[in-house]
Amino acid sequence: MTDFRSAWPVTPLAPQVAVRIARPMPDLSPAIESRVASHWNAALAKHPTLYNGRVFCADVINAEIISGHWSEYRRVLAQMREPDLYGADFLRPLAVVGLLRTTDGIVIGQRSETTIYLPGYWQGAPAGNVESRDGEAQIDLAAQLMAECLEELGVSETECQIGGCLLACEHPQTHIVDVGMDIIATLDFESLKERCNRLGNAEYQRLMLIRPDTTLPTPLVPTLSAMLERNR
């Protein structure tokens with residue numbers, strides 16, 4: 001067991017783990033609602049384009065099934081700013097993260113310094129919240145990750161294939177849970193980088209190709225470390 005596992009708990013997942021909505025969004029007390037609104041308004045002042053969409057939060061995670069409920073992004077952001085806000089009822093927002101294999105190696109991305117969460121960290125690419133994009137009730141993790149491929153990297157479904165789930169890795173302070181998934185692209189690294197620069201949404205300030213003998217950059221999101229360790 002490596003050091004990152006003690007800080008960021010890792011749960012191995014079945015390749016086709018099911019995600020189920022088990023309960024409605026809980027109500028907040030007036031005091032908690034006031035704190036959420038305060039954090040959200042402060043964040044909007046710095047990042048006016050923030051959108052309060054629906055995000056999925058896990059209540060139970062095991063290898064075969066992840067169950068939980070829809071919440072609001074503003075509630076998640078408030079917890080990021082104030083980790084003890086909800087006490088024992090903390091949110092565990094689900095995210096998808098790719099282990100992207102091009103024809104010449106694995107591609108990782110360095111998060112922009114302007115991002116709210118882990119700026120400057122290297123992570124698997126692409127990555128994003130599991131969210132309700134069109135009001136859908138069912139959750140398809142592969143479709144969620146495919147949407148991130150197009151938005152962040154400019155890569156379409158004709159150029160990559162989403163594989164199975166690998167693991168879930170939880171940030172101990174924010175409780176964001178990354179679901180690591182395989183992606184196989186038909187592009188080489190230079191083609192993918194050009195596509196990202198031309199069509200991507202500037203989520204990453206840099207992309208890097210890694211091979212078995214590559215010295216990894218720092219800092220790394222522990223989810224990436226866990227996926228690379230499993231890939232050995």
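The protein chain has 20 positive and 29 negative charges, and their mean positions are 2 Å apart. Lys and Arg count as positive here, Asp and Glu as negative, while His and the chain ends are not counted. Each charge is placed at NZ of Lys, CZ of Arg, CG of Asp or CD of Glu.

This is a predicted model: local features need pLDDT of at least 70, side-chain atom pairs count only at pLDDT 80 or more, and totals for chains, interfaces and linings use all residues. Residues are numbered from 1 along each chain as its sequence is written, and side-chain values use heavy atoms, with hydrogens and water left out.

**The whole chain**

The protein chain holds six helices and 11 strands. These are DSSP runs, numbered from the N terminus: helices (H or I) have at least four residues, strands (E) at least two. The radius of gyration is 17 Å, close to the 17 Å that the globule rule gives for 232 residues, so the chain is as compact as a globular protein of that length. That radius is taken over C-alpha atoms, and the rule is 2.2 Å times the number of residues to the power 0.38. Along the principal axes, the C-alpha atoms fill a box of roughly 55 × 40 × 35 Å.

**The core**

Of the 232 residues, 51% are buried. Buried means under 20% relative accessible area, exposed over 50%, and partly exposed in between (1.4 Å probe, protein chains only). The largest nonpolar core has 73 residues, and Ile66, Leu94 and Leu141 touch the most other members. Strand E9 (residues 160-170) gives the most to this core, with seven residues. Such a core is a set of buried Ala, Val, Leu, Ile, Met, Phe, Trp, Tyr and Cys residues joined through side-chain atoms within 4.5 Å.

Leaving aside neighbours within four places in sequence, Leu94 is in contact with residues including Val19, Phe56, Ile66, Leu141 and Val179. Contact means heavy atoms within 4.5 Å.

**Two loop residues**

Tyr121 sits in the loop between strand E6 (105-111) and strand E7 (122-124). Ser156 sits in the loop between helix H4 (141-153) and E9. Both are partly exposed.

| Residue | Relative accessible area | C-alpha to C-alpha distance |
|---|---|---|
| Tyr121 | 28% | 6.2 Å to Val221 |
| Ser156 | 23% | 9.6 Å to Ala185 |

Tyr121 and Val221 are 100 residues apart in sequence. Not counting residues up to four places away, Tyr121 touches Gly109, Gln110, Arg111, Pro219, Leu220 and Val221. With neighbours within four places left aside, Ser156 is in contact with Met146 and Leu150.
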